[in-house]
Amino acid sequence: MSESTSEAASAAPYRYTHALAAQIEARWQDRWEKDGVFAAPNPVGPLADADAAGAAEKPHAFIMDMFPYPSGAGLHVGHPLGYIATDVYARHLRMTGYNVLHTMGFDAFGLPAEQYAVQTGTHPRVTTEANIAKYREQLRSLGLGHDLRRSISTIDPSYYKWTQWIFLQIFNSWFDPSVQAARPISELIAKFESGAMATPDGRAWSALAPAERDEVLGEYRLAFVKQAPVNWCPGLGTVLANEEVTADGRSERGNFPVFKANLRQWMMRITAYADRLIDDLDLLDWPEAIKLQQRNWIGRSEGAKVDFAVHTTEAGAGDAAITVFTTRPDTLFGATYMVLAPEHELVDSIVPAAWPTAEGGLPDEWTGGFATPTEAVAEYRRQAAAKTDIERQADAKTKTGVFTGAYAVNPVSGELVPVFVADYVLMGYGTGAIMAVPAHDSRDFAFARAFKLPMRCVVQPSDDRGTDPSTWDESFDSYDAAIVNSANDFISLDGLGVVDAKKAITDWLASQGIGEGTVNFKLRDWLFSRQRYWGEPFPIVYDEDGVAHSLPQSMLPVELPEIEDYSPRTFDPDDADTQPETPLSRAEEWVNVTLDLGDGPKQYRRETNTMPNWAGSCWYELRYVDPEDDTEVVNPVNEAYWMGPTEAKKAGGVDLYVGGAEHAVLHLLYARFWHKVLFDLGHVSSCEPFHKLFNQGMIQAYVYRDERGFPVPAAEVEERDGVWYFEDKVVSREIGKIGKSLKNVVAPEEVTGEYSVDTLRLYEMAMGPLDVSRPWDTRAVVGSFRFLQRLWRTIVDEETGEVVVTEETPDEETLRALNRAIDGVRTDLAGLRFNTAVAKATELNNFLVKRGSTPRVVAEQAVLLVAPLAPHIAEELWEKLGHEESLTHALLPEADPAYLVEDSVTCVVQIKGKVRARLEVPPAIDDAELEALALADPAVVAALGGAEVRKVIVRAPKLVNIVV
RNA sequence: GCGGCUGUGGCGAAGCAGGCAGACGCGCCAGGUUUAGGUCCUGGUGGUGGUGACACCGUGAGGGUUCGAAUCCCUCCAGCCGCACCA
């Protein structure tokens, strides 16, 4: 290889080889950096230009990638796909006159560095910063045009100072329902002080002790501490957000079991924003699939709360009400029993001492064989509590439960309905209690069958099953039917459709004071504290009463202390009966501080939890806008310039945000929530952070497995006659993720080392549409390399290095090819269709190669056209063509419409939809003339064979279809 | 189970508003350069039949709408993703 390379090199010293490409690429990367060509000026502040006014005149765009966690393994070829795409897009925008903000930061707090630190004792900052340096180097070598002045890292105190500051904004706010927005907590305090709002127990605000006031405010703050059932993961030694727990009750990270535990934790009141988070999705240019996932996760459902009277057994308590949430109040007449979640607080107070007497005795299914309801309920609750989510899930098919011994009253039918405890009703949703309508709900149906409960049909089935549910195989759940069997002395729903019936019964319940229309959400408040070292400390201290105080901005950032042992205390992953213990709590000197928070120096204890990994990524787009501002989170002028709402993006936000679909609910929901709080408090002018979202597909790779099913190194597999061999043994092939465990990692350096960076960029863009996953095929990369070599040869003599373009005036055909390419490439780049843009550039190149020589004006425009995709070779050729300035801000050529119109068009003549002839006709030909021409064509006459022409459809100038 | 997305040559894919299916690339075949192989260059390449200009068949399967369907509608199948007792 080395020998032949040198042969080739001596024969053609100026050929575009990997060696020459490497020189070119290094040279241009240095020059871009030295000249700061990607620096995007701000209107004001340290990043403003001398010519700030000039920049403000230009159109501008903010392009962003989801920033990476800098892992120790570095990048593989799958990672840069989106980065290259945004770079190509950003470069294309710069070449159409835009001021483009494009940079890259690092999401650098995280578990791997901490775990490495636990193992080796190396400070996570050391490993993380080394990894960041490596990433920066790799990103630079891909020729990505980032404004490096704007690059941030979430672990820098200068950055997390503002993460903490935003936390305090949230902490010091409440959600005012009257304006549906966050307001400063001081406004709430004023309402309490003035008496405009009553305290929970009616005492005057001034009569409350500080700790009591704190407790009251805690019910309103958007960030608050709460004793709540949380996801406790002993294996990780930390608690997790709902979003971080998989459906089978394990941690998304590490796959450890997760248990419910009642712990005091920081929460964020994201539920207050549920409506706005759903509604504002309509303002965004996001893939529908992602919007749908967010809507489903928030899970808004409209229904009603209804009270069922129930007799309590506690002395003197009298009757109580079980409040249920239902989306089908129209089926209230069909409610034949009720279910409480095992954790429901009313359970204890309604259970009677003895089983009620019933005709023929209670079924065994109801009593579970226990002598008293107390025993039966206690045992069932014990079992339910012991179940993990995994077991609960596995048991989902078979319904379990037990009768409480109590009856409630159906408020419309007046019937006594038995009250059950069953774990198919979840405490965390609605009111933790349901009215069961077995005839019209599949879950209730299954339960009713298992427990021999009565059913009543109140919705007329639209099929032929009849109205006796005892003969049915399944419940009838449809919304598209009429209500029957639903009347009492005061109201009748009979004959109404579902929608009308819902409204009628809801109004009636409200008038009776036993129900009201309500909206319910699946979304839970966001668990915001973690028992970790490597995260942002909370800017919170506690006084001797345990009251939380926020630190003033002047005391930010609260930096992480140096400690000996970075690990949280972890436990046997299966031991649910454990408590978290934070690493920071061991840093005694840091924890106990004397501070003057306005009323003289006092002793305080710092909060020792840290923020979750999502905190830093919740607002980094804002810091990109104004990375050096030390007095405010972002200057409002700069924010409005880059992110402010416009006619085209009503909610404002980043113009284009590219990243993987795996962040559909986590990062994207949290970031939207924070942004909305900042918007409400007047810190930003945009109410959404990301206007257009684009999910890039994944680059996958072949995985080869031996006969035992273990992956073998993909790089060492050989193909012979369609069969794959590893060490002469046949292996199977499939498509999988790129990763170490599947032994199919391809590093970008393997490609750039053999070909060039531009080759890698071009190949990744040419492989297919950006949003589709596709397999990496190392063999196919050479195609992109050949394209660049051909491009090079059309302009440079490989032997002499001289420019070989001609000074001739391009002919008509060449101008057509050129302008077609200009038009196609421009529209494709603007539409993020990079694969077809590459194809059109290739077509032009192939045309020029065939032509044999290239006129200078054509060469120059061709170079500009490929510059966004393959910037290094384009810069080099641009320079060789005599230009001294970098083409970063050169203008992309615009197509001359005169050359986009063909002077003759191929018209297809179809007979019965099949192509029988082709005619070359002028584009302006009219229908009648074209029809005459087509019918006279010999091939058409022959194909018709004298058959009678019934109808002729003419779409001049492209098509004639003859019907016989 | 519910919801969503995707099915086009040997492979990655084009075809964006219903009008020439397969642009561009890989691979493969033939030829050229080369002592040879590789690189590089030129040409060909959906399938079947024919020496042949050509014919027939072809966009997961089946049906429908239409002069005309990869594209629109219905049913089914397969793969991927999300949610998962959410009342």
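Visitor: Why is Gln 180 called partly exposed?

Guide: This is a predicted model, so the label is computed from predicted coordinates. Gln 180 has 35% relative accessibility. Buried means under 20% and exposed means over 50%. The value of 35% falls in between, so Gln 180 counts as partly exposed.

Visitor: Where does Gln 180 sit, and what is its phi?

Guide: Gln 180 is in the loop between strand 3 (173-176) and strand 4 (181-184). Its phi is near 55°, a positive value in a residue other than glycine.

Visitor: What makes Glu 727 exposed?

Guide: Its relative accessible area is 60%. The cut-off for exposed is over 50%, so Glu 727 passes. Glu 727 lies in the loop between strand 25 (723-726) and strand 26 (729-737). Glu 727 is not a glycine, yet its phi is positive, about 50°.

Visitor: Is Ala 715 buried or exposed?

Guide: Ala 715 is exposed, because its relative accessible area is 78% and the cut-off is over 50%. The loop between strand 23 (711-712) and strand 24 (718-720) holds Ala 715. Its C-alpha atom is 9.6 Å from that of Phe 726, eleven residues apart along the chain.

Visitor: Why does Gln 169 count as buried?

Guide: Gln 169 has 18% relative accessibility. Buried means under 20%, so Gln 169 qualifies. Gln 169 belongs to helix 7 (residues 157-171).

Visitor: Which residues does Gln 169 touch, leaving out those up to four places away in sequence?

Guide: Gln 169 touches Leu 681 and His 683. With His 683 there is a polar contact, side chain to side chain, at 3.2 Å. The limit for such a pair of N or O atoms is within 3.5 Å, so 3.2 Å meets it.

Visitor: What makes helix 28 mostly covered?

Guide: Helix 28 (residues 856-866) has eleven residues, and eight of them are buried. The buried residues are Val 858, Ala 859, Glu 860, Ala 862, Val 863, Leu 864, Leu 865 and Val 866. Their cover includes helix 25 (781-795), helix 26 (812-830), helix 27 (834-851) and helix 29 (871-880).

Visitor: Which residues come nearest to RNA strand B?

Guide: There are 55 residues around RNA strand B, and Thr 327, Tyr 429, Arg 443, Arg 786 and Asn 961 come nearest. Of the atoms of RNA strand B within 4 Å of the protein, sugar and phosphate account for 65%.

Visitor: What parts of RNA strand B do Met 767, Arg 793 and Gln 910 approach?

Guide: A polar backbone atom of Met 767 is 2.7 Å from a sugar or linking oxygen. Arg 793 places a polar side-chain atom 2.8 Å from a phosphate oxygen. For Gln 910, a polar side-chain atom lies 3.2 Å from a base nitrogen. Several elements give two or more residues to this surface, among them helix 11, helix 25, strand 28 (905-911) and strand 31 (959-963).

Visitor: Which element gives the most to the surface near RNA strand B?

Guide: Helix 27 does, with eight residues. The residues of the surface divide into 21 nonpolar, 15 polar and 19 charged.

Visitor: How many of the residues of chain A count as buried?

Guide: Of its 964 residues, 52% count as buried. The secondary structure of chain A comes to 31 helices and 31 strands. Its C-alpha trace spans about 105 × 90 × 65 Å along the principal axes.

Visitor: Where is the cis peptide bond of Leu 556 and Pro 557?

Guide: The bond runs from Leu 556 to Pro 557, with omega near 0°. Pro 557 is in the loop between strand 17 (548-550) and helix 18 (588-591).

Conventions
Residues numbered from 1 in each chain as written. Chains lettered and ligands numbered in written order. Predicted model: local features only at pLDDT ≥ 70, side-chain atom pairs only at ≥ 80, totals over all residues. Heavy atoms only, no water. Helix = DSSP H or I, 4+ residues; strand = E, 2+ residues; numbered from the N terminus. Buried < 20%, exposed > 50% of the residue type's maximum accessible area, 1.4 Å probe, protein only. Contact = heavy atoms within 4.5 Å. Near = heavy atom within 4 Å. Polar contact = N/O pair within 3.5 Å; in protein donor to acceptor, adjacent residues only side chain to side chain. Nonpolar A, V, L, I, M, F, W, Y, C, P; charged D, E, K, R; others polar.
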